[in-house]
Amino acid sequence: MTAIRSRYLDGWARDALAERPAATVLHLGCGLDSRVYRITPPLTGRWYDVDYPEVIALRRRLYPDRPGYDMIASSVTAPDWSSQVPADRFAVIIAEGLTMYLTKDETRRLFERLTHHLPHGVVMFDAWNSFGMRAGARQGVIKASGAELGGWGIDDPGDLETLVPGLEFVAEQTFFDIPELDRYGWPLRLACRAMNRFPALRNMGRLLRYRF
Ligand SMILES: C[S@@+](CC[C@H](N)C(=O)[O-])C[C@H]1O[C@@H](n2cnc3c(N)ncnc32)[C@H](O)[C@@H]1O
């Protein structure tokens, strides 16, 4: 599922960059993701990977430099990191596996700051609903990592439009009725098809896209 999430977000990001090759990409909570090397954005654009200082320090040891590519070592919730990003261009903001770790207030302040700082852009990320948030809190891998979930699930894409009035909802993508399902074994295929029938289950994790 994580690979599928990445594949679909890569597709959305490629489409956005095909339309706006000079865009500034902000890849928030990048972790060790190799997205910039997979997508190889046009050299006319800029790309910033943003994550905590210890993650960026590790990235710097692992990945080579690339023209137009830079990293910002900061929490995305810090008020000042976006001042390192020139505010002159259309922005493509990608946040994979991040929003579920932010509180509602942190999410609001982050997107308010970015939509005020940058002229126009698109925002794409995966989101959990309230049910997904409760289920996620029980996941062994999250407990073992010591990561804390933010506690705010996005049940309706309009919830974020209300929270951050500059954002306009554009599209969503569920993971439970995609062509790639045909390549799963039948038990998982069956489970996905069953989950797709119930909104609370279908929207446990999905991709959302907005513009501003
Ligand atoms: C589940 S990992 C996802 C990593 C990567 N986006 C991927 O999909 O492979 C969550 C990432 O978000 C980062 N993260 C969580 N909260 C953050 C914050 N407040 N500021 C910056 N990065 C954060 C973590 O350090 C981690 O790298």
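A: A polar contact is a pair of N or O atoms within 3.5 Å; within protein, one must be able to donate a hydrogen and the other to accept it, and residues adjacent in sequence count only if both atoms are side-chain atoms. The model is predicted, with local features requiring pLDDT of at least 70 and side-chain atom pairs pLDDT 80 or more, while totals for chains, interfaces and linings use all residues. Residues are numbered from 1 along each chain as its sequence is written, and side-chain values use heavy atoms, without hydrogens and water.

Such a contact joins the side chains of Trp47 and Asp49, at 2.8 Å. Trp47 belongs to strand β2, residues 46-51 (helices, H or I, have at least four residues and strands, E, at least two, as DSSP runs numbered from the N terminus). Trp47 counts as buried because its relative accessibility is 1% (buried is under 20%, exposed over 50%, partly exposed in between, with a 1.4 Å probe and protein chains only). Beyond its neighbours within four places in sequence, Trp47 is in contact (heavy atoms within 4.5 Å) with residues including Leu17, Val25, His27, Arg35, Tyr69 and Ile94. Asp88, by comparison, is 41 residues from Trp47 in sequence, and their C-alpha atoms are 14 Å apart.

Arg35 also links to Glu96: their side chains form a polar contact at 2.7 Å. Glu96 is placed in the loop between β4 (91-95) and α4 (104-117), and its relative accessible area is 9%, so Glu96 is buried. Apart from residues up to four places away in sequence, Glu96 touches Thr2, Arg5, Ser6, Leu9, Leu28, Gly29, Asp33, Arg35 and Asp126.

Two of these names return at the ligand. Gly29 and Glu96, together with Asp51, Tyr52 and Val76, come nearest among the 15 residues around the ligand (a heavy atom within 4 Å makes a residue near). The side chain of Asp51 places an N or O atom 2.7 Å from an oxygen atom of the ligand. Arg5 has a polar side-chain atom 3.4 Å from a ligand oxygen atom, whereas a polar side-chain atom of Tyr52 lies 3.1 Å from a ligand nitrogen atom. The ligand taken alone exposes 590 Å², of which the protein buries 78% (Shrake-Rupley areas, 1.4 Å probe).

Thr40 is not a glycine, yet its phi is positive, at about 40°. Its relative accessibility is 48%, so Thr40 counts as partly exposed.
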